[in-house]
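Reader: I have a model on my screen. Please show me how to read it, one feature at a time.

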Amino acid sequence: MTTDTVTDVFEEHRPVLLGVAYRMLGRVADAEDVVQEAWLRWSAADRSEVREPRGYLVRITTRLAIDRLRQVKARGETYVGPWLPEPYVTDFGDTVPDTAERAVLADTVSLAVLVVLESLSPLERAVFVLREAFGYPYAEIAAMLERGEPAVRQLAGRARKHVEERRPRYEVDPVQRRDLTERFLAAAGGGDLEGLMSLLAPDVRLVGDSGGKARAPLRVVETADKVGRFILGAAEKGGVPDLSFRFLELNGGPAVLVLSGDKPDSVFQLDVLDGRIQSVYIIRNPDKLQSLASV
């Protein structure tokens, strides 16, 4: 391959590699670091015997992500308050024309699923991502991870059961989620507690991620009454100058980016089921909003 061809092949597969790395790590910066390291290895490798570049690159990226995930877990980082993944801009565009495939990709990158994936071992997480998000056969995953196929099937079954037992149920219909988000904003901005309560499921949960670096609840807020009153209280207090809102697609669904001037202040996203809001996610940790500054 010429230098240009080597670069072109890698860039063709970069979105997939970033998707694998982000689902493995839940952090945009870490995922980008892993993909950059994969590029360095790809550019320096003997590619004469590489028959399938995508599989080769996914294997490198997966192994690097496993190593990075083990380092993070080994450090035993303490985090102030609830943890949520770093918001990830998703725009599948024409690259994923199949509706069912788009739904799977959106589901496996959702905040709810990524929170559950944090509790898997690095190998379980890798198998789950490769199998459930990208549809790799067990035999290929086994080769990528240098494990026997029976062991990989066992890891996959254990990971799938764990995720299914713990992840909240929600609908992925973007139109309904966008509609409820707009009504949620209107009710909160207008101080309409009754209107807000009508949108919330009785057992709704509000998860705020600040990392101790911004104002947000340090515990999960539960029940419609408590969540509704918290939202209205926060809206009344305000305190954010030159406030504006922008809709965008994050983690496979509609979300709102709150701007203070031209700087990201927070992100919020809703999970919806049966026409009611089941979860409210608010991310205010400034470290997790840096990648949205240029969106």
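Reader: Which residue of S2 stands opposite Leu 206?

Author: This is a predicted model. Leu 206 faces Val 221 in S2. Leu 206 also stands opposite Val 280, which belongs to S6.

Reader: In which sense do S1 and S2 pair, parallel or antiparallel?

Author: Antiparallel, over 2 bridges. S1 and S6 (residues 276–283), by contrast, run parallel and are joined by 6 bridges.

Reader: Is strand S1 enclosed or open, and how many of its residues are buried?

Author: Count the buried residues along the strand. In S1 (residues 200–209), 7 of the 10 are buried, so the strand is largely enclosed by the rest of the structure.

Reader: Where do the nonpolar residues gather?

Author: In soluble globular proteins, nonpolar side chains tend to be buried together. Here the largest nonpolar core has 69 residues. Met 24, Trp 42, Leu 117 and Phe 134 touch the most other members. Helix H1 (residues 3–25) is the top contributor, giving 11 residues. A separate second core has 23 residues, including Leu 180, Ala 188, Leu 199 and Leu 206.

Reader: How many aromatic pairs are there, and how do I read one?

Author: A pair of rings is described by the distance of the centres and the angle of the planes. This structure holds 4 aromatic pairs. Take Tyr 22 and Tyr 88: their centres are 4.2 Å apart and their planes lie at 15°, so the pair is stacked. Tyr 22 is in helix H1 and Tyr 88 is in the loop between H3 and H4, so the pair ties together parts 66 residues apart in sequence. Tyr 22 is buried at 0% relative accessible area, and Tyr 88 is buried at 12%.

Reader: Why is the pair of Trp 42 and Tyr 56 called tilted?

Author: The centres of those two rings are 5.7 Å apart and the planes are at 55°, so the pair counts as tilted. Trp 42 lies in helix H2 (residues 28–44) and Tyr 56 in helix H3, so parts 14 residues apart in sequence are tied together. Both Trp 42 and Tyr 56 are buried.

Reader: Which ring does the charged end of Arg 178 sit over?

Author: The ring of Phe 247, 3.7 Å from its centre. Arg 131 has its charged end over the ring of Tyr 138, 4.2 Å from that centre.

Reader: Which element has the lowest mean pLDDT?

Author: Where pLDDT is low, the predicted coordinates should not be read in detail. Helix H4 (residues 99–108) has the lowest mean among the elements, 72. Strand S2 (residues 221–222) has the highest, 97. For the whole protein the mean is 90, and 92% of residues reach 70 or more.

How values were computed
Residues numbered from 1 in each chain as written. Predicted model: local features only at pLDDT ≥ 70, side-chain atom pairs only at ≥ 80, totals over all residues. Heavy atoms only, no water. Core = buried A, V, L, I, M, F, W, Y, C linked by side-chain atoms within 4.5 Å. Buried < 20%, exposed > 50% of the residue type's maximum accessible area, 1.4 Å probe, protein only. Helix = DSSP H or I, 4+ residues; strand = E, 2+ residues; numbered from the N terminus. pLDDT = per-residue confidence, 0-100. Phe/Tyr/Trp six-rings, centres within 6.5 Å; stacked < 30°, edge-to-face > 60°. Lys NZ or Arg CZ within 6 Å of the ring centre and 35° of its normal. Pairing = 2+ DSSP bridges.
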